[in-house]
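Reader: I've just opened this one and I'm new to it. Could you walk me through it and tell me how you know each thing you say?

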Amino acid sequence: MRTSLRTFVRTTLDLGDAVLHPWGREPAGPDLLDDLVAAAADPAIALWNPLPTADHQAARTWLEAREDGWDRGAGAAFAALDATDGALLGTIGLRWVDRADGLASIGYWLLPDARGRGLAARATRAVTTWGFYTADARRIELAHAAGNDASCRVAQRCGYLPEGVLRESHLFGDGRHHDEHLHARLAGDPEP
Ligand SMILES: CC(C)(COP(=O)(O)OP(=O)(O)OC[C@H]1O[C@@H](n2cnc3c(N)ncnc32)[C@H](O)[C@@H]1OP(=O)(O)O)[C@@H](O)C(=O)NCCC(=O)NCCS
């Protein structure tokens, strides 16, 4: 097994109207911290992707954890930033589930104003390709709550094939365990 390659090395990915920039401690100005607090309060994020960033201190702790993930090559968390003004649009990240085996998972959320223009799909495609080619991922999984239709469409548009239903597999923001749809892409799958 080629475990030596299985690390995430900080990089910036250009999507044209947005850039994916590694999350870290810097720059963590008040606007960015405010945006992370606002993200935690957004109803869709609070339901499907609860964020522990209720205040500035919690947001700084969250950023420290993302930085630590990059330092250890264990997690690749990107801020999606507007290419024009640098405003926060959302986040997308890969993390190893089983690093030695090349098994990773991908997740994302967007702030409300950034939704509805296909950004999540474009970011997911870019990070997926990057994960396969630069980090030697073998399989990347994408799981979403069965009721999260927008996320299901993102998975389908990015070539993550449906593999089944995980029953009551994850506790979501409404305090309930929901079924999840499991999707995955293999390194050898065709580009969507
Ligand atoms: C899921 C999310 C990232 C999608 O990002 P997006 O860039 O806004 O996605 P789009 O607007 O391009 O929508 C993707 C598809 O879902 C469809 N869609 C959007 N909202 C929908 C809804 N409420 N119900 C059904 N379909 C929906 C869109 O029509 C689009 O379909 P298409 O591919 O046929 O054009 C975003 O909605 C979000 O951040 N949600 C809150 C957090 C979250 O759910 N994170 C994912 C956890 S797994």
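Reader: How many residues surround the ligand, and which are the closest?

Author: First, keep in mind that this is a predicted model. The ligand is surrounded by 22 residues, and the closest are Arg115, Ala120, Asp149, Ala150 and Arg153.

Reader: Which element supplies the largest share of that shell?

Author: That's α5, with six residues. Helix α5 covers 149-157, and α2 (43-48), β5 (103-110) and α4 (119-134) also supply at least two residues each. By kind, the shell divides into eleven nonpolar, seven polar and four charged residues.

Reader: How do you know that the span of α1 agrees with what a helix should have?

Author: Helix α1 runs over residues 30-41, which makes twelve residues. At 1.5 Å a residue they should span 16 Å, and the end C-alpha atoms are 17 Å apart, so the two agree.

Reader: Which residues of α1 are buried, and what puts them on the same side?

Author: The buried ones are Leu32, Leu36 and Ala39. They cover an arc of only 60° around the axis, and therefore they sit on the same side of α1. On the other side of α1 you'll find Pro30, Asp31 and Ala41, which are exposed.

Reader: What do the buried residues of α1 pack against?

Author: They pack against α2, α3 (56-72), β4 (88-98) and β5.

Reader: And α3, how does its reach compare with the expected value?

Author: With 17 residues, α3 reaches 24 Å from its first C-alpha to its last, close to the 24 Å expected at 1.5 Å a residue. Its buried residues are Ala59, Leu63, Arg66 and Gly69. These cover an arc of only 110° around the axis, so they too lie on one and the same side of α3. The face turned away from that buried side carries the exposed residues Gln57, Thr61, Asp71 and Arg72. As for partners, the buried residues of α3 pack against α1, β3 (75-82) and β4. Just after α3 comes Gly73, with a positive phi of about 70°.

Reader: Why is Arg125 called partly exposed?

Author: Count its neighbours: Arg125 has 18 C-beta neighbours inside 10 Å. Buried would take 20 or more, and exposed would take 12 or fewer, so a residue in between is partly exposed. That is why Arg125 gets the label. Arg125 lies in helix α4, and its C-alpha is 8.7 Å from that of Pro192, although they are 67 residues apart along the chain.

Reader: What makes Glu163 partly exposed?

Author: Glu163 has 13 other C-beta atoms within 10 Å. Since exposed means 12 or fewer, Glu163 counts as partly exposed. The place of Glu163 is in strand β7, residues 161-171.

Reader: Which residues does Glu163 touch, leaving out those up to four places away in sequence?

Author: Leu182, His183 and Ala184.

Reader: Which residues have the most contacts inside the largest nonpolar core?

Author: Phe78, Ala80 and Ala123, in a core of 41 residues. Ala80 touches Ala18, Leu20, Leu89, Gly90, Thr91, Ile92, Leu119 and Ala123, again leaving out residues up to four places away in sequence.

Reader: Why might nonpolar residues gather like that?

Author: In soluble globular proteins, nonpolar side chains tend to be buried together.

Terms used: Residues are numbered from 1 along each chain as its sequence is written. This is a predicted model: local features need pLDDT of at least 70, side-chain atom pairs count only at pLDDT 80 or more; totals for chains, interfaces and linings use all residues. A nonpolar core is a set of buried Ala, Val, Leu, Ile, Met, Phe, Trp, Tyr and Cys residues joined through C-beta atoms within 7 Å. Two residues are in contact if their C-beta atoms, placed from the backbone, lie within 7 Å. A residue is near a molecule or strand if its C-beta atom, placed from the backbone, lies within 6 Å of it. Helices (H or I, at least four residues) and strands (E, at least two) are DSSP runs, numbered from the N terminus. Ala, Val, Leu, Ile, Met, Phe, Trp, Tyr, Cys and Pro count as nonpolar, Asp, Glu, Lys and Arg as charged, and the others, Gly among them, as polar. The expected span of a helix is 1.5 Å times one less than its number of residues. The arc is that of the directions from the helix axis to the C-beta atoms.
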